[in-house]
Amino acid sequence: LKFKSLSGGAPLGAIVEDAADGGGGDAGRRTAGLAGALDALAASCAVDGDEGKRNRALLGSRDGIDALSSGTLSLIERPELPSALDALGAGLRAAENRENIGIRGLLALYAVLAERPADAPVQAAALRACAAAMVAHEANRAALHEKCRMVPSIVAALRAHPAERAVVLAAC
């Protein structure tokens, strides 16, 4: 279950490029299902109990956390971005997966917050993923604070979307 398989075997970059060109290619035909696949992945990882634990472990064992964190940058201008962020956040519910996000993944979350400040669903999903990365993980918490300067990003999201419940809850 590599991230590539969610897109029908096409590399994510090819799907995004083809979709930007009008979706006439083979990868473009699969783009419509990408958000659905990401939503299904997020839902399968968010399940409580043994099933959710197994799904999160599978995601982590197959480099899914790295692929999702990198994939968010490929999707930064696409409507599928909140789905990718939710899948990443759900996968980060597993402690072993929080070890795998690393500074590159944390910086990808920071970049999303910086690049899409007016998009409340993106801000909420990115903040939920940041929160998931920090749960019981002091190194990620410190990196988000010191390296990514996350506090100003959180304040900016709250100022931009004070009436958006999802943003406010995710920021807390």
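This is a predicted model: local features need pLDDT of at least 70, side-chain atom pairs count only at pLDDT 80 or more; totals for chains, interfaces and linings use all residues.
Residues are numbered from 1 along each chain as its sequence is written, and side-chain values use heavy atoms, leaving out hydrogens and water.

The angle between α5 (residues 64-74) and α6 (residues 81-91) comes out at about 150 degrees, with the axes 9 Å apart; axes are lines fitted to C-alpha atoms over the stretch in contact, and angles run from 0 to 180 degrees between N-to-C directions. On the α5 side, the contact (heavy atoms within 4.5 Å) is made by Ile65, Leu68, Ser69 and Thr72, and on the α6 side by Leu81, Ala84, Leu85, Ala87, Leu88 and Gly91. Sorted by class, that makes 7 nonpolar, 3 polar and no charged residues.

Helix α6 also packs against α8 (residues 120-134), this time at about 15 degrees with axes 8 Å apart. The pair is therefore roughly parallel, the term for angles under 35 degrees. Here Leu81, Pro82, Leu85, Asp86 and Gly89 of α6 meet Pro121, Val122, Ala125, Ala126, Arg128, Ala129 and Ala132 of α8. The tally for this contact is 9 nonpolar, 1 polar and 2 charged residues.

Then there is histidine 161, sitting in the loop between α10 (150-160) and α11 (165-171). Its relative accessibility is 8%, so histidine 161 counts as buried (under 20% relative accessible area, 1.4 Å probe, protein chains only). Leaving aside residues up to four places away in sequence, histidine 161 touches Pro117, Ala118, Asp119, Ala120, Gln123, Val167 and Val168.

How values were computed: Helices (H or I, at least four residues) and strands (E, at least two) are DSSP runs, numbered from the N terminus. Ala, Val, Leu, Ile, Met, Phe, Trp, Tyr, Cys and Pro count as nonpolar, Asp, Glu, Lys and Arg as charged, and the others, Gly among them, as polar. Buried means under 20% relative accessible area, exposed over 50%, partly exposed in between (1.4 Å probe, protein chains only). Angles under 35 degrees count as roughly parallel, over 145 as roughly antiparallel, 65 to 115 as roughly perpendicular and the rest as oblique.
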